[in-house]
Amino acid sequence: MNIVVDGYNICVKTTGTGDKTVVILQGWGTDLGVYDSVAGVIDGSRYRVIQFDFPGFGGSDEPKEPWDVDGFADFFCRFMEVMQVKQATLIGHSYGGRVIIKLAARESIPFEITNIILIDSAGVLPVRTTAQKWKIRKYKILKKFLNMKLIYAMFPEVIDDWRSRQGSADYRNATPMMRQCMVKAVNEDLTELLPKIRQEVLLIWGDQDTATPIRDAHIMEEKIPNCGLAVIPGTGHFSFLEKPAQFRGIMEAYLQ
């Protein structure tokens, strides 16, 4: 179904009939259907499960201006008001974890977070090697040069082809507006916010994750006061899809 939040048409899916609520916050560039398997391991007789697409994701309208992570967190607060949710468990995968960290670290929000599950969550700025730093610097210098009007006028097709091959797959597949949102997100380190999280937090991680490496999980486990880590061996950034049986076992044990 669709609902309207601050003028944005938002795709929403609700399952379960329980008196407790779980809300799933998605990873970057995904749609809510990716998390059907996550919703499916939650006992529908005890929980109502809400899946939704953030603005600019899946079937929801794009933001009208480039939002940073706080912008998406502000939107989520309004979303919860429209959905009339006063208390919920929050589950966040990748980018969804970023938003949850922002929310949990705030002094006040218009609803209560009872507990948190972060799956291969983003939020910790990666440590770059000297070679990676030099590669980024060369890219910025070349980009500035190729953006000069005279140079672009001389080689428009070559430059357009070069531009289309830069950045991650998520960046290349994003619209111009969502690219601006993504840049704001990946350049922000949320490590200093982790000690401010007061809720109980379960981390679920793939030990072969290259997008948000297991190093990030260990930092979160150390910094968040009430936190535990469950590792799913042999899985990457979508650990819940790669070994669903192990993921189900972890979730069922925790939620019971």
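A search through the whole structure turns up 21 aromatic pairs. This is a predicted model, where local features need pLDDT of at least 70, side-chain atom pairs count only at pLDDT 80 or more, and totals for chains, interfaces and linings use all residues. Residues are numbered from 1 along each chain as its sequence is written, and side-chain values use heavy atoms, with hydrogens and water left out.

Q: Why is the pair of Trp-28 and Tyr-95 called edge-to-face?
A: Rings of Phe, Tyr and Trp (its six-membered ring) pair if their centres lie within 6.5 Å; planes under 30 degrees apart are stacked, over 60 edge-to-face, and the rest tilted. Trp-28 and Tyr-95 have 5.0 Å centre to centre and 80 degrees between the planes, so edge-to-face it is.

Q: What makes the pair of Phe-240 and Phe-247 tilted?
A: Their centres are 6.0 Å apart and their planes sit at 55 degrees, so this pair lands in the tilted class.

Q: How do you know that Phe-240 is buried?
A: Buried means under 20% relative accessible area, exposed over 50%, and partly exposed in between (1.4 Å probe, protein chains only). Phe-240 has 1%, so it counts as buried. Phe-247 is also buried, at 1%.

Q: Why is the charged end of Lys-64 said to sit over the ring of Tyr-8?
A: The rule asks for NZ of Lys or CZ of Arg within 6 Å of the ring centre and within 35 degrees of the ring normal. The charged end of Lys-64 sits over the Tyr-8 ring, 3.8 Å from its centre. Tyr-8 also belongs to an aromatic cluster, with Trp-28 and Tyr-95 among its members.
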